[in-house]
Amino acid sequence: LLGVIPAVALSWGVEESWVRAAHRIYVFHRLRHHLVFQSFPWSHRLSFLALVLATGVLSRWGGTDQLRLVVRVAWAAVGLSLLGVGVSVAGPWNWDLAARVLRYYLFRPADALLPMAFALLVAQGVQALLEKRRLWGTVGLIVVLMAAGAHLGWTTWSRWQRPWPRAERAMSWQQFQAWQDVCHQAQKFIPPQSKACFTPRYTQSFHWYAQRAEVVNWKDVPQDAFSLVEWWKRIVEVYDYRGLGGRGPWELRPPEELLQLAGRYRAGWAIVSRTQGRPLPFEVLYSNSHFVLYRLPVRCEQASGR
């Protein structure tokens with residue numbers, strides 16, 4: 001529970017209205033796929049329920065005191081998940097209270113502890129059968145090893161088939177190679193500690209490969225309340241998240257609007273996707289088959305920031 005203290009400290013000294021807004025942004029917009037039960041795919045819900053039932057059946061076989069303790073801790077984690085389900089379902093009655101509670105990842109402990117308890121119970125069962133020299137013990141061991149090996153093999157095959165980062169899974173292999181290329185070129189053209197760069201709305205790894213600042217991206221969400229609200233303003237204004245900004249993503253703005261936006265966010269460069277953006281009437285610094293790097297003519301007095 002000591003870990004709750006730094007989480008609470010992220011909101012200290014911030015106006016209450018900003019804290020409420022930050023919690024709702026974090027829970028119901030950015031991370032609802034982790035924090036809100038209604039957003040979980042049905043396949044995940046059913047597989048988790050099956051794991052709960054299987055663990056319950058296996059736990060009735062007894063076992064060592066240490067293993068029973070592990071199982072009890074796992075059931076406590078499942079209890080937190082049930083609390084999360086209740087808060088998620090009751091959210092419409094008080095969105096602010098629901099966000100305040102759900103932000104603590106009530107489902108995450110069971111994601112780790114329940115599979116761990118199940119795996120240990122299975123191992124205990126196989127060991128008990130083997131000690132009694134039963135044929136079923138050997139069969140069980142083979143089945144368990146094949147299941148674990150199949151999962152490892154499938155994961156390895158999937159990563160071999162798609163070796164680029166999951167953060168860029170929206171790209172094909174050719175697009176990803178072009179993305180790395182334009183990022184490396186941007187590192188040459190953009191000085192360190194300089195103004196930021198606009199990047200396509202589906203990209204997440206500009207700063208990994210270019211080692212330069214970008215205006216905002218979806219993946220790098222801040223944690224403290226004040227910065228979280230500022231991040232959300234940028235997401236809405238720059239990328240027009242869910243049409244909330246009403247003016248479209250930056251790639252499709254008229255050039256004069258883009259320069260105004262660049263002035264507000266100290267953006268001196270822009271990378272435009274050839275498939276999702278459109279040509280800009282600015283200096284082209286580099287281009288490849290999928291991306292174009294532009295220099296934006298933003299004057300220093302315009303780029304004063306917020």
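## Strand pairing

In this predicted model, strand E1 (residues 196-198) pairs with strand E2 in the parallel sense, over 3 bridges. Within this pairing, Phe198 stands opposite Ala270 in E2. Strand E2 is also joined to strand E4 (residues 291-295); these two strands run antiparallel, with 5 bridges between them. Here Ile271 is placed opposite Leu293 in E4.

Is strand E2 buried or exposed? Of its 7 residues (267-273), 7 are buried, so the strand is largely enclosed by the rest of the structure.

## Helix H5

Helix H5 covers residues 65-89, which makes 25 residues. From its first C-alpha to its last it reaches 36 Å, close to the 36 Å expected at 1.5 Å a residue.

Several residues of H5 are buried, including Leu67, Val71, Ala74, Ala77, Val78 and Ser81. An α-helix has 3.6 residues a turn, so residues three or four places apart point the same way. The buried residues of H5 pack against helix H3 (32-35), helix H4 (42-59), helix H6 (95-102) and helix H7 (108-131).

## The chain as a whole

The chain contains 12 helices and 4 strands. Its radius of gyration is 25 Å, well over the 19 Å that the globule rule gives for 306 residues, so the chain is more spread out than a compact globule. The C-alpha trace spans about 80 × 45 × 30 Å along its principal axes.

Among the 306 residues, 39% count as buried. The chain exposes about 17700 Å², and carbon and sulfur atoms supply 62% of this area. Of the contacts with a separation of 6 or more, 60% are between residues 24 or more positions apart.

Note on methods: Residues numbered from 1 in each chain as written. Predicted model: local features only at pLDDT ≥ 70, side-chain atom pairs only at ≥ 80, totals over all residues. Heavy atoms only, no water. Buried < 20%, exposed > 50% of the residue type's maximum accessible area, 1.4 Å probe, protein only. Pairing = 2+ DSSP bridges. Expected span 1.5 Å × (residues − 1). Contact = heavy atoms within 4.5 Å. Rg over C-alpha atoms; globule rule 2.2 N^0.38 Å. Areas by Shrake-Rupley, 256 points an atom, 1.4 Å probe, with all protein chains shown as cover.
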